[in-house]
Amino acid sequence: MTPLPHDRYCDEIAHQVDLLSAVVSSGADLSATVPTCPDWSLEQLVRHTGGALRWVELMVRTRAQEEIPEEEIPLGGGPDGQGDVAALDAWLAETGEMLVAALREAGPDAKVWGWAGVLNAGFWARRMTHEITIHRADATLAAGLPYEVAPDIAADAIDEWLEIVEWAQRTLPDDPARELRRPGSSIHLHATDNAPEVNAEWFVDLDEDVIVWRRGHEKATVALRGPLTSVLLAFYRRLPLDSAELEVLGERELLEFWLTRATFG
């Protein structure tokens, strides 16, 4: 599928940073464990996310042609001290402004190092949109807050996830994604709140050495049904398959097998 326009990603990054900042300033316990990333506290999650945004900002702004080490990122680990909501919020806001400015100035075609075969700033605009979209879900779960995401962003996040699995199968011989071949098997994702302009249904064919996927409604070995946001979170392993808003039809074991090995995000 064709990615969304570059400006749409830039706008969404700014929006997601604002929403993540709202979680930080909501009174949530920054020391609370993130259920979907249990090795992190909420504050560590926010610092990780902001650090990733700053890393990309530096690469895009300098048009880096190779990966920049984490230790070279100014304030990549966040503000000094722990538990300072105001400092963390200010750092995150500044981070978002810096990244969006760098991406807008660069435009989508500026040559920049990347790790998935797409060597331009457009790759990073898309990647960081979904990085923060999913980690904001982690943060809202930790804080006990509601979570929603725009349909076009949610659908594109699933597209990108499938594209990266396909890329890994083609190019990384030791990647777990190469284990996902299942002759004669397929997966269907079905957003029950689908709108024609979004076309939020996917068919994933596992029969070949590399996955083949497309948007659309087709019968499959197993189907995952539910609201688009819930399907997105389940596919990213942020929502259990037995959640009330989800329905699994067919060979549940195949879907579980896929999700435990196609880990990403």
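Okay, let's start with two helices: α4, residues 121-143, and α5 have axes that come within 10 Å and cross at roughly 110°. Axes here are lines fitted to C-alpha atoms, for helices over the stretch in contact, and angles run from 0 to 180 degrees between N-to-C directions. Helices are DSSP runs of H or I with at least four residues, numbered from the N terminus. So α4 and α5 are roughly perpendicular to each other, a label for angles of 65 to 115 degrees. Their crossing is left-handed, meaning that the near helix is turned anticlockwise from the far one by less than a right angle.

Who does the touching? On the α4 side we have Arg-126, Arg-127, Thr-129, His-130 and Thr-133, and α5 brings Ile-153, Asp-156, Ala-157, Asp-159, Glu-160, Glu-163 and Ile-164. Contact means heavy atoms within 4.5 Å. By class, that contact splits into three nonpolar, three polar and six charged residues. For the classes, Ala, Val, Leu, Ile, Met, Phe, Trp, Tyr, Cys and Pro count as nonpolar, Asp, Glu, Lys and Arg as charged, and the others, Gly among them, as polar.

Quick word on what you're looking at. This is a predicted model, where local features need pLDDT of at least 70 and side-chain atom pairs count only at pLDDT 80 or more, while totals for chains, interfaces and linings use all residues. Residues are numbered from 1 along each chain as its sequence is written, and side-chain values use heavy atoms, with hydrogens and water left out.

From α5, Pro-151, Ala-154, Ala-155, Ala-157, Ile-158, Trp-161 and Leu-162 meet Leu-228, Val-231, Leu-232 and Phe-235 of α6. How many are nonpolar in the contact of α5 with α6? Eleven, with no polar and no charged residues.

Next, the cores. A nonpolar core is a set of buried Ala, Val, Leu, Ile, Met, Phe, Trp, Tyr and Cys residues joined through side-chain atoms within 4.5 Å. Buried means under 20% relative accessible area, exposed over 50%, and partly exposed in between, with a 1.4 Å probe and protein chains only. The largest core has 44 residues, and Leu-42, Trp-55, Val-56, Met-59, Val-60, Trp-124 and Met-128 touch the most other members. Helices α1 (6-24), α2, α3 and α4 each supply at least two residues of it, and α2 gives the most, with ten. Apart from that lies another core, of 42 residues, among them Leu-162, Leu-224, Tyr-236 and Leu-254.

Last stop, the loops. Most residues other than glycine have a negative phi. Arg-63 has a phi near 55°, though, which is positive. Arg-63 sits in the loop between α2 (42-62) and α3 (85-106) and is partly exposed at 29% relative accessibility. Leu-75 is found in the loop between α2 and α3, also with a positive phi near 55°, and it counts as partly exposed at 48%.

Then there's Ala-110, in the loop between α3 and α4. Buried or exposed, would you say, for Ala-110? Buried, at 13% relative accessible area. Leaving out residues up to four places away in sequence, Ala-110 touches Arg-63, Leu-119, Asn-120 and Ala-121.

Notes. Parallel < 35°, antiparallel > 145°, perpendicular 65-115°, else oblique.
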